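Please look through the sequence and the model before reading on.

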Amino acid sequence: MTTGIGTLWSARVAEDQLLQSREQDEDRRKADDDAAREQASRIAFWVRRSADGETLHLMNRSPDPVTDVHVTFGVYARKEPREANYRLLLSNLPPCSDTMIQSASLGYAVDNWPNMLTWALPLNPKRGKTPYRPFGDVWFLSNRIGMDFTDRAGIRWTRTTEQPLNPGALKPPALLQVAGRVMGEPPVQPVTSCGDGSGS
């Protein structure tokens with residue numbers, strides 16, 4: 001009888017230890033996931049409207065840069081062509097910064113060949129004739145904005161207006177409309193509120 005109780009007691013202790021070990025593993029996984037997301041969660045975008053037009057803000061509120069930044073968005077215009085898609089490539093978003101894509105800097109393709117572009121750097125408008133024309137008055141299509149980037153740990157992250165922050169690369173929409181191009185380097189300004197310096 002005593003042996004049976006001892007065996008039952010040992011089994012119960014082993015079960016409790018296994019359960020506690022699983023809970024500790026889950027806590028560790030959650031802490032690791034939170035640490036991995038720490039910088040990525042400080043990268044955001046939004047559109048601001050003003051009397052001068054619209055601006056797409058790409059903000060990095062972390063003390064480290066994010067690199068290899070892909071941004072995709074669509075715009076709607078008052079005149080033809082009514083819509084254009086953009087696939088912008090930026091080398092980085094600097095630490096504690098706000099990079100601004102202003103509607104006045106957006107151009108659209110006048111020939112078909114630019115529709116073949118996948119990701120494009122901002123175009124230098126001083127380099128002579130280009131196959132792009134200024135759009136003028138446009139609105140960003142807020143449901144078609146997305147970006148991906150690489151954080152300081154080398155992890156690729158994606159954020160869109162329709163999906164929260166997730167690990168992985170952005171799947172850009174098909175270029176069904178006219179291809180657009182950002183004309184000139186987007187201005188960058190510092191942000192006043194930024195993360196701590198734990199860039200390790």
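A residue counts as buried when its relative accessible area is under 20%, and as exposed when that value is over 50%. With this cut-off in mind, the model shown above, which is predicted, can be read from the whole chain down to single residues.

The protein chain has 200 residues, of which 38% count as buried.

Four of the strands form an open sheet in the order β1-β2-β5-β13, with antiparallel pairing. At its edges lie β1 (43-50) and β13 (188-190), each of which pairs on one side only. On average, and with direction ignored, neighbouring strands of this sheet are turned by 25° against each other. Strands of a sheet pair through backbone hydrogen bonds, and the pairing may be parallel or antiparallel.

| Residue | Relative accessibility | Class |
|---|---|---|
| T72 | 5% | buried |
| P131 | 16% | buried |

T72 belongs to strand β3, which spans residues 66-77. Because its relative accessibility of 5% is under the 20% cut-off, T72 counts as buried. A polar atom of the T72 side chain lies 3.3 Å from the backbone oxygen of Y86.

P131, in turn, is found in the loop between β6 (106-109) and β7 (132-134). Its relative accessibility is 16%, which is also under 20%, and therefore P131 counts as buried. Although P131 and A109 are 22 residues apart in sequence, their C-alpha atoms are 5.7 Å apart in space.

Empty space in the model is the last topic. Rolling a probe the size of a water molecule over the atoms shows where such space is left. The largest pocket holds about 200 Å³ of space. Which residues lie nearest the centre of the largest pocket? They are N143, I145, T160, L170 and K171, which belong to a lining of 14 residues. Sorted by class, this lining of the largest pocket contains four nonpolar, seven polar and three charged residues.

Definitions and conventions. Residues numbered from 1 in each chain as written. Predicted model: local features only at pLDDT ≥ 70, side-chain atom pairs only at ≥ 80, totals over all residues. Heavy atoms only, no water. 1 Å grid on protein atoms, 1.4 Å probe; cavity = no way out; pocket = protein on both sides within 12 Å on 5 of 7 lines; lining within 4 Å. Points joined across faces, edges and corners; volume = space filled by probe spheres on them. Nonpolar A, V, L, I, M, F, W, Y, C, P; charged D, E, K, R; others polar. Pairing = 2+ DSSP bridges. Helix = DSSP H or I, 4+ residues; strand = E, 2+ residues; numbered from the N terminus. Axes fitted to C-alpha atoms, helices over the stretch in contact; angles between N-to-C directions. Buried < 20%, exposed > 50% of the residue type's maximum accessible area, 1.4 Å probe, protein only. Polar contact = N/O pair within 3.5 Å; in protein donor to acceptor, adjacent residues only side chain to side chain.
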